[in-house]
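Visitor: I have a model open and want to go through its side chains with you. Can we start with the charged ones?
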Amino acid sequence: MASRERHGLVERARYHLESLGALAVMTGQVLSRAVRPPYNVSAFVFHVESLGVRSLPIALLTATFAGLVISLQFGYFLARFGVQYTVGRVVVLTLFRELAPVLTALTVGARLGSGMAAELGSMTVTEQVDAIRALGADPLRKLVVPRVLACLVVMPVLTVFADVVGLVAGAVVVNTQYAISLNLFFRGALDSVLMQDFVSGVFKGAVFGLIIGLVGCFKGMTVEGGTEGVGRATTQTVAITSVAVCLADFFITKVTLYL
């Protein structure tokens, strides 16, 4: 019994290592194709619209509630020390450096990654990807590169929108709840935030977008087991991207704090 369990663990470890290696190989192939012509501009624009514009409502809604909650929390605790007027400084740094990029990646990324895995997975199990390959076209260049590049562009833009909307929502709630003027809130926020705080969040959005695009496309292109496998791939995509985003956030934060 114990020997069978050990064998099962070894097989799972081997499967995950092989998958990680295949993802690394696909990442290299996608990046090399992305910088070499011909460029599929129309597909790129289509995916920017379908992945980005349609994700805007959920990104803005998430940022609004994030701004409301952290402003309420920080306002309440800072009031204990009589410095609630500094809430704008705390909120802007929290939003720009952490909450806006991470929450946007976790909410919008789950939608984008699972959608790409389902779409490409359906094409894989119905042999449409094989048909593209049989016609002499490159499935990576035709299907994967536009989606990955679209994610790479869309996520930083959504992060900037989340920064603005979350900050405005925070200003409104502290104005109504703690009678802190909008002028005082925004003056404190602008005095404390640096360009590197803003750039750090946007850079995180770009890295998270790359992770989401690569994982979603990889799971879709490697689906096995028919429609049941497609469902399994979408679930795994959400789990993997969520963990990878949190892991990447830690290392990026550690690096950017010393820049």
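Visitor: Is R54 buried or exposed?
Guide: This is a predicted model. In it R54 counts as exposed, because its relative accessibility is 51% and the cut-off for exposed is over 50%.

Visitor: Which side chain does R54 meet in a salt bridge?
Guide: That of E49, at 3.7 Å from N to O. E49 counts as partly exposed, at 33% relative accessibility.

Visitor: How many salt bridges does the count come to?
Guide: Nine.

Visitor: What does K204 form a salt bridge with?
Guide: With D249, where the closest N and O atoms are 2.8 Å apart. D249 lies in helix α9 and K204 in helix α8, so the pair ties together parts that are 45 residues apart in sequence.

Visitor: And is K204 buried or exposed?
Guide: K204 counts as buried, at 1% relative accessibility. D249 counts as buried too, at 11%.

Visitor: What about E11 and R14, where are they?
Guide: Both are in helix α1, three residues apart, which means they are separated by about one helical turn. E11 is partly exposed with a relative accessible area of 33%, and R14 is partly exposed at 44%.

Visitor: Switching to nonpolar residues. Which members of the largest core touch the most other members?
Guide: M26, V30, L112 and V144, out of 36 residues in that core. Helices that each supply at least two residues include α1 (2-34), α4 (87-125) and α8 (195-221). Helix α6 gives the most, with 10 residues.

Visitor: What is V30 in contact with, leaving aside neighbours within four places in sequence?
Guide: L140, V144, V145, V148 and L214. There is also a second, separate core of 15 residues, and I70, V91, V92 and V193 are among them.

Visitor: Which residues form a nonpolar patch on the surface?
Guide: L152, V153, V157 and F161, with about 300 Å² of accessible area together. V157 is found in helix α6 and counts as partly exposed, at 40% relative accessibility.

Visitor: Last one: where is H47 found?
Guide: In helix α2, residues 41-52. H47 is buried, because its relative accessible area is 8% and the cut-off for buried is under 20%. Leaving aside neighbours within four places in sequence, H47 is in contact with G52, P146, R147 and A150.

Definitions and conventions. Residues are numbered from 1 along each chain as its sequence is written. This is a predicted model: local features need pLDDT of at least 70, side-chain atom pairs count only at pLDDT 80 or more; totals for chains, interfaces and linings use all residues. Side-chain values use heavy atoms; hydrogens and water are left out. A nonpolar core is a set of buried Ala, Val, Leu, Ile, Met, Phe, Trp, Tyr and Cys residues joined through side-chain atoms within 4.5 Å. Buried means under 20% relative accessible area, exposed over 50%, partly exposed in between (1.4 Å probe, protein chains only). Helices (H or I, at least four residues) and strands (E, at least two) are DSSP runs, numbered from the N terminus. Contact means heavy atoms within 4.5 Å. Patches are made of residues with over 30% relative accessible area and no salt bridge: like charges are joined within 9 Å, nonpolar side chains (Val, Leu, Ile, Met, Phe, Trp, Tyr) within 5 Å. Accessible areas come from the Shrake-Rupley method with a 1.4 Å probe; for residues, only the protein chains shown count as cover. A salt bridge is a side-chain nitrogen of Lys or Arg within 4 Å of a carboxyl oxygen of Asp or Glu.
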